[in-house]
Amino acid sequence: MRIIDVICSAGRTGFFFDDQRAIKKGAKHDGFTYVGEPVTEGFKKIRQAGESISVMLILEDGQIAYGDCAAVQYSGAGGRDPLFLAEDFIPVIEKEIAPKLIGREVTRFKELAEEIDSMEVNGKRLHTAIRYGVTQAILDAVSKVRKLTMAEVIKEEYNIKGEMKRVPIFTQSGDDRYNNVDKMIIKGADVLPHGLINNVDEKLGRNGELLKEYVAWLRDRIKHLRAEEGYTPILHIDVYGTIGIAFNNDTQKMAEYLGELEKVAAPFKLRIEGPMDVENREGQLKALKELRQELKKRNIGVELVADEWCNTWEDIKLFVDEEAADMIQIKTPDLGGINNIVESILYCKKHGVGAYCGGTCNETDRSAQICTNIAIACGADQCLAKPGMGVDEGFMIVYNEMNRVITLAKARERINLKREAAITK
């Protein structure tokens with residue numbers, strides 16, 4: 001089956017682009033926006049509307065496969081590609097990528113995805129968001145041609161054994177970190193609440209006291225609202241480097257504080273994402289590794305999740321090899337081609353590191369569905385409810401797609417057995 005055309009349309013994402021550097025410098029809220037001037041190049045405001053591009057592949061039998069190009073909420077920060085605006089990048093897709101896809105056969109995903117992901121224009125690789133969306137469309141096209149779910153395509157092409165199972169879903173609260181937690185508990189989220197602890201004075205506390213209070217509230221709220229005692233979600237909190245800021249990146253003090261947090265969280269397991277951000281990859285790797293070793297020395301069971309400066313497939317391999325984290329957030333748009341998501345999850349699992357198929361609230365329904373297929377196929381340890389900040393649309397999209405794919409896979413096994421039985425007779 002050949003691709004006969006490539007069509008692009010501009011779209012919106014499920015959240016916004018935020019200038020992380022400006023926020024870290026103390027930008028204050030004004031309603032749902034921020035006061036002050038942006039710091040990161042490309043931003044016109046500290047918060048502005050998220051943009052996406054749908055890439056549609058028209059197949060010769062009339063079917064349409066598509067994927068969505070999207071970039072993370074904090075574009076241009078932590079070593080990432082710059083702000084992704086549709087009007088800037090649709091011409092790039094039409095001029096550089098469409099001619100390479102039109103006329104191509106789409107019977108296999110891996111090789112074509114790797115080709116697009118490694119493309120260079122004027123000596124530079126394509127923006128991660130472009131590679132992300134185009135390879136999604138390729139996977140969808142192969143799925144349609146082969147009449148399989150996208151998860152089944154991945155399992156077959158990467159020779160992944162075992163049955164497809166449900167992956168724990170991690171939900172984000174955004175700034176509404178109380179009401180949204182109630183929704184998470186009612187819906188039975190496996191991992192919660194993210195928390196968006198991105199400001200020392202307002203959310204963490206100069207001595208970490210505000211986060212302690214919040215974790216205590218989380219613990220008690222789960223016990224109060226849960227439908228059954230067996231519901232024990234993991235507490236996963238993203239602190240955006242604020243613990244490092246509050247404790248001057250002192251490993252001993254940070255470890256002591258995390259030990260205190262663990263006691264407050266009990267009986268629930270605690271994960272902390274991005275405890276510090278030292279503004280470069282090597283420094284972040286070293287700081288995380290030292291903190292992890294100190295926690296183990298003190299027999300503290302808090303798990304550390306790598307995020308900032310662990311963006312690319314190469315970064316992920318490095319952080320895994322150096323044993324710098326208990327879990328890696330595979331921030332899906334940052335990896336470019338979705339083939340890298342597959343490789344990253346499998347690499348983490350091979351080396352006994354938690355594989356969190358993450359991403360950003362600033363994605364689309366389509367990118368969320370496709371990442372869910374990959375998470376199921378590869379057996380990720382958790383996947384992010386996305387897009388959006390909260391637990392409404394994103395949780396629904398990921399939860400429903402997961403159940404559809406697993407149900408279809410089981411039904412296919414049953415149908416195949418009936419076919420084999422019929423042939424034997």
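**Core, domains and a lysine**

Mentor: The largest nonpolar core has 128 residues. Ile53, Leu57, Leu101, Phe109, Leu211, Ile328 and Ile341 have the most contacts inside it. Keep in mind that this is a predicted model.

Trainee: Which helix gives the largest share of this core?

Mentor: Helix 4, residues 128–146, with nine residues.

Trainee: And where does the core lie relative to domain 1 and domain 2?

Mentor: Between them, because domain 1 (2–158) and domain 2 (169–409) both give residues to this core. In general, nonpolar side chains tend to be buried together in soluble globular proteins.

Trainee: What does Ile53 touch?

Mentor: Leaving out residues up to four places away in sequence, Ile53 touches Cys8, Ser9, Gly67, Asp68, Cys69, Phe84, Ala86, Phe89, Ile90 and Ile93. There is also another core, of 12 residues, lying apart from the largest one. Tyr34, Ala77, Tyr240 and Met389 are among its residues.

Trainee: Back to the domains. How far apart are the C-alpha centres of domain 1 and domain 2?

Mentor: They lie 23 Å apart. The contact takes 46 residues from domain 1 and 44 residues from domain 2.

Trainee: What does UniProt say about residues 165–410?

Mentor: An unreviewed UniProt entry annotates residues 165–410 as "domain: Methylaspartate ammonia-lyase C-terminal". In the model, that span is 49% helix and 12% strand. Its end C-alpha atoms lie 10 Å apart.

Trainee: How many bridges join strand 1 to strand 4?

Mentor: 12 bridges, with strand 4 covering residues 47–59.

Trainee: Now strand 13 and strand 14. Do they run parallel or antiparallel?

Mentor: Parallel, with four bridges joining strand 13 (residues 327–330) to strand 14. Ile328 has Ala355 of strand 14 as its bridge partner. Ile328 is also one of the residues with the most contacts inside the largest core.

Trainee: Which way do the residues of strand 14 point?

Mentor: In strand 14 (residues 354–357), Gly354 and Tyr356 point one way, Ala355 and Cys357 the other. All of them are buried.

Trainee: Where is Lys331?

Mentor: In the loop between strand 13 and helix 13 (339–350). UniProt, in an unreviewed entry, places the feature "active site" at Lys331.

Trainee: Is Lys331 buried or exposed?

Mentor: Buried, because its relative accessibility is 8% and the cut-off is under 20%.

Trainee: What is Lys331 in contact with?

Mentor: Val72, Arg80, Asp307 and Gly359, leaving aside neighbours within four places in sequence.

Trainee: Last one, helix 6. Which residues are buried?

Mentor: Asn180, Val181, Asp182, Met184 and Ile185, in a helix that covers residues 179–187. Their cover includes strand 9 (191–194) and helix 8 (209–225). Just after helix 6, Gly188 takes a positive phi of about 80 degrees.

Terms used
Residues numbered from 1 in each chain as written. Predicted model: local features only at pLDDT ≥ 70, side-chain atom pairs only at ≥ 80, totals over all residues. Heavy atoms only, no water. Pairing = 2+ DSSP bridges. Helix = DSSP H or I, 4+ residues; strand = E, 2+ residues; numbered from the N terminus. Buried < 20%, exposed > 50% of the residue type's maximum accessible area, 1.4 Å probe, protein only. Contact = heavy atoms within 4.5 Å. UniProt positions renumbered as here; feature names shortened; annotations may be inferred. Core = buried A, V, L, I, M, F, W, Y, C linked by side-chain atoms within 4.5 Å. Domains from an automatic or database assignment.
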